[in-house]
Amino acid sequence: MTTVHETAATTEAAASAELSVWPASTTEPRHGHLAVGGVLLAAIADRFGTPVYVLDEAEVRDRCRTYRDAFPDAEVLYAAKAFLCRAMAHWVEEEGLGLDVCSAGELELAVTTGFPPDRITLHGNAKSPHDLEAALRLGVGRIVIDSPSEIARLAAAVGPGGHQKVMVRVVPGISAGGHEKIRTGTDEQKFGLSIADGYAQHAIARILDQPQLELTGLHCHLGSQITSVKPYLVAVRRMVGLMARLHEQHGLTLPELDLGGGHGIAYRPGEPALDLTSLAREVRAELTDACAAAGLAVPRLIIEPGRAIAGPAGVALYHVLSVKRTGSHTYVAVDGGMSDNPRPALYGVRYAPRLVGRHSTAAPARVTVVGRHCEAGDVLAADVELPADVRPGDLLAVPVAGAYHLSMASGYNLVGRPPVAAVREGLARVLVRRESLEDIRRRDVGL
């Protein structure tokens with residue numbers, strides 16, 4: 001016979017599992033109402049309007065510290081492409097992480113916020129002259145060379161009396177990642193230089209002929225949403241193998257090895273995520289063993305988490321505009337969509353939205369949450385459960401919305417990009433304001 005205590009424990013466990021992908025500060029002060037960082041989500045929607053991104057500052061900082069603790073001897077660079085604003089750059093810098101940027105825009109924003117440029121690495125498969133000029137002018141720590149043509153361009157820009165630390169992005173020939181569009185460790189794609197066809201080795205030899213370029217190490221990035229440690233271990237072996245060949249051919253001992261990021265997170269309860277503790281332990285052991293077998297000194301490890309720091313710290317809020325039942329389908333349309341989150345349309349990401357702001361006793365029903373944009377593919381969450389009485393005016397919250405939402409947002413249908421509000425210890429403040437029609441008009445100078 002089930003006791004009252006057992007029933008309560010089961011209910012508590014189910015509620016905990018449901019909130020497993022939400023920020024750690026998430027609470028349910030009363031039925032149907034969630035708070036993050038001590039602030040009710042409904043209050044944030046009332047104050048800032050919707051759509052709005054909510055970012056838990058404490059969650060971001062805790063995740064930065066988790067990486068520092070897991071990789072105490074490594075250099076951890078936050079991948080700014082996941083999400084960047086001035087406050088984010090400030091938090092990351094205060095927590096002791098470096099920064100990985102992909103454009104002059106990301107670079108200038110970080111440096112003008114006060115981020116030390118020597119702790120910044122510039123990436124990109126097609127860096128513009130403006131990107132390189134900004135990197136050299138501001139004094140970035142490293143530039144990752146991604147194609148042979150960059151070598152001569154960068155050397156000329158540095159000048160005969162200059163000096164710049166560089167790495168080479170190597171393609172190790174490893175297929176890993178949650179979707180084919182976010183797998184970048186294989187041959188036959190736009191990033192990096194392949195080991196298999198010798199392009200990486202050829203580029204390295206050319207760099208060594210440029211005295212103003214200092215090659216500090218090799219870089220690779222396997223892809224995104226990787227939930228297994230094994231691909232990283234294979235990458236370590238292949239990268240150390242290349243380092244050993246470079247040592248034999250050129251007498252070169254490289255002091256750094258960058259394994260990139262791509263650390264997978266759970267978007268819905270029960271989904272797998274990369275075990276960071278196992279990753280750190282097994283990569284460290286593999287690197288030590290591989291270097292010992294090759295007779296090499298162990299290089300300093302560099303990693304570049306982005307999504308794994310920002311993603312779980314964010315929540316997106318929407319108001320329901322309409323509920324439409326057609327045949328066997330129910331469509332719940334909200335006041336945002338693919339302009340503020342294109343990821344479901346791009347590569348099929350699945351989310352777990354939740355009704356917040358009121359307590360519903362209705363049974364759950366299968367619905368598809370769609371956006372307001374003029375595309376059939378504007379779907380935010382397909383085939384998910386919401387209360388059967390969901391109605392216009394309701395507030396929906398989507399967890400794990402901190403990465404690749406605002407950074408990939410567009411101006412489609414001229415609806416304006418949402419604001420970002422940070423929460424911490426019961427207070428909420430705007431980090432990035434809502435894009436207004438006046439902002440859009442100011443850019444339009446055609447008349």
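Biologist: Which residue in S11 stands opposite Lys165?

Modeller: Strands are DSSP runs of E, at least two residues long, and helices are runs of H or I with at least four, both numbered from the N terminus. In S11, the residue opposite Lys165 is Glu214.

Biologist: What kind of model is this?

Modeller: Residues are numbered from 1 along each chain as its sequence is written, and side-chain values use heavy atoms, with hydrogens and water left out. Local features need pLDDT of at least 70 and side-chain atom pairs count only at pLDDT 80 or more, while totals for chains, interfaces and linings use all residues, as this model is predicted.

Biologist: How many bridges join strand S9 to S11?

Modeller: Two strands pair if DSSP finds at least two bridges between them. S9 covers residues 164-171 and runs parallel to S11. The number of bridges joining them is 6.

Biologist: Why is S11 largely enclosed by the rest of the structure?

Modeller: Buried means under 20% relative accessible area, exposed over 50%, and partly exposed in between, with a 1.4 Å probe and protein chains only. S11 spans residues 213-219. The strand is largely enclosed because, of its 7 residues, the number buried is 6.

Biologist: In S6, which residue is the bridge partner of Tyr78?

Modeller: S5 pairs in parallel with strand S13 (residues 300-303) over 2 bridges, where Val76 stands opposite Ile303. S5 also pairs in parallel with strand S6 (residues 98-101), over 3 bridges. There, the partner of Tyr78 is Leu99.

Biologist: How much space lies in the largest cavity?

Modeller: On a 1 Å grid over the protein atoms alone, a cavity is a set of points where a 1.4 Å probe fits but cannot get out, and lining residues have an atom within 4 Å of a point. Points are joined across faces, edges and corners, and a volume is the space filled by probe spheres set on them. The search finds 5 cavities of 30 Å³ or more. The largest holds about 100 Å³.

Biologist: How many charged residues are in the lining of the second largest cavity?

Modeller: This cavity has about 80 Å³ of space, and among its 13 lining residues, the closest to its centre include Tyr53 and Phe83. Ala, Val, Leu, Ile, Met, Phe, Trp, Tyr, Cys and Pro count as nonpolar, Asp, Glu, Lys and Arg as charged, and the others, Gly among them, as polar. The lining has 9 nonpolar and 4 polar residues. The number of charged residues is none.

Key. On a 1 Å grid over the protein atoms alone, a cavity is a set of points where a 1.4 Å probe fits but cannot get out, and a pocket is an open set with protein on both sides within 12 Å along at least five of seven lines; lining residues have an atom within 4 Å of a point.
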